[in-house]
Amino acid sequence: MTVVDPETQAGWAPEAVQEDASHDGDEMPLSLRLSIADTLTLGNATCGFMAVYFTTTGILIPHLQGSNESGMARHSAATAVILMLCAAVFDLFDGLVARKLRSSPMGAELDNLSDLISFGLAPAYFVLVYGMVADDAHQRVAAVGAIVVLLAVVLRLARFSCVTVKDGTFQGMPSPFGALTVVSIVLLELPFVATLLAIIGTAWLMVSRVEYPKPRGPLAVAMLAWIVAAMGLLAAWAFDAPGGQLLLQTGCALQLVLGAVIPLFATARRVNNFRDNRREARAAQLP
């Protein structure tokens, strides 16, 4: 039976509509389908959660139980940081895969939520536990530092979703790089005050307007190589290899140097672009 719409005078068949609706209901809505990039993003979240797990079971709980076994704490700390590095690898590749293939409508939200776990909660919790187990640390002050790290990542991710910046740059230190810098500061075993100030400084860089280049092309390859090298340094330290402690501290110090130096490249590029624009403007004004 065909029914005529009184406003449009157009006919439609209820049977056909019901048939199409039942056919569409057999398929999952597009908004609920996970893409390959989304799967990598979920791997990012899983690594962040497992980093919290190893920090708790391998460092915090033995400390609360009065265990003096430093080897277990070293292995667990290395495992937790390696998991954060793995989360950074997932975060790097999910963006590349999303650009090459496709991402689902949930992609951006999944990415922010996963980054909050891996690069907000996990490093903040690492700082909190450091304040509980280190000999010269102050637990409550360290808790404040951990909250600062967590809130910096929350604010950064919220701003990233709302603010549009020019292509090829991040405004503020990216949260994966910030998380790795925070744990590097802790692993350097500096005096407590210096550690806390460096952590707060890193949190400020994450919410600042300092420009960082996006890891694309050669820079993405260099970042991946650095992550793999960092994993090797952590493994050497965890298994007490000869010179492992020195190698780890060297790698952590290099991470801090990179965090301070990398923005200079973006600043230098911006200055060069400004000079080129002025030069072109002057050339256009000449007769």
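Biologist: Is Ser118 buried or exposed?
Modeller: In this predicted model, Ser118 has 0% relative accessibility, and under 20% counts as buried, so Ser118 is buried.

Biologist: Which helix is Ser118 in?
Modeller: Ser118 sits in helix 4, which runs over residues 107-133.

Biologist: And what is Ser118 in contact with, leaving aside neighbours within four places in sequence?
Modeller: Its contacts are Asn44, Ala45, Gly48, Met84, Ala87 and Pro123.

Biologist: Okay, on to the largest nonpolar core. Which residues touch the most other members?
Modeller: Met84, Phe126, Leu187, Ile199, Leu234 and Trp237 do, out of 45 residues in that core. Helix 3 gives the most to this core, with 10 residues.

Biologist: What does Leu234 touch, not counting residues up to four places away in sequence?
Modeller: Leu234 touches Ala78, Val81, Ile82, Leu85, Leu187 and Leu248. There is also a second, separate core of 11 residues, which includes Leu157, Phe177, Leu205 and Met206.

Biologist: New topic: helix 7. Which residues are buried there?
Modeller: Phe192, Thr195, Leu196, Ile199, Thr202, Ala203, Leu205 and Met206 are buried in helix 7.

Biologist: What span should helix 7 have, and how far apart are its end C-alpha atoms?
Modeller: At 1.5 Å a residue, its 16 residues should span 22 Å, and the end C-alpha atoms are 23 Å apart, which agrees.

Biologist: Last one: which residues does UniProt annotate as "transmembrane region"?
Modeller: The unreviewed UniProt entry lists several stretches, including 76-96 and 116-134. In the model, residues 76-96 are 100% helix, while residues 116-134 are 95% helix.

Methods
Residues numbered from 1 in each chain as written. Predicted model: local features only at pLDDT ≥ 70, side-chain atom pairs only at ≥ 80, totals over all residues. Heavy atoms only, no water. Helix = DSSP H or I, 4+ residues; strand = E, 2+ residues; numbered from the N terminus. Expected span 1.5 Å × (residues − 1). Buried < 20%, exposed > 50% of the residue type's maximum accessible area, 1.4 Å probe, protein only. UniProt positions renumbered as here; feature names shortened; annotations may be inferred. Contact = heavy atoms within 4.5 Å. Core = buried A, V, L, I, M, F, W, Y, C linked by side-chain atoms within 4.5 Å.
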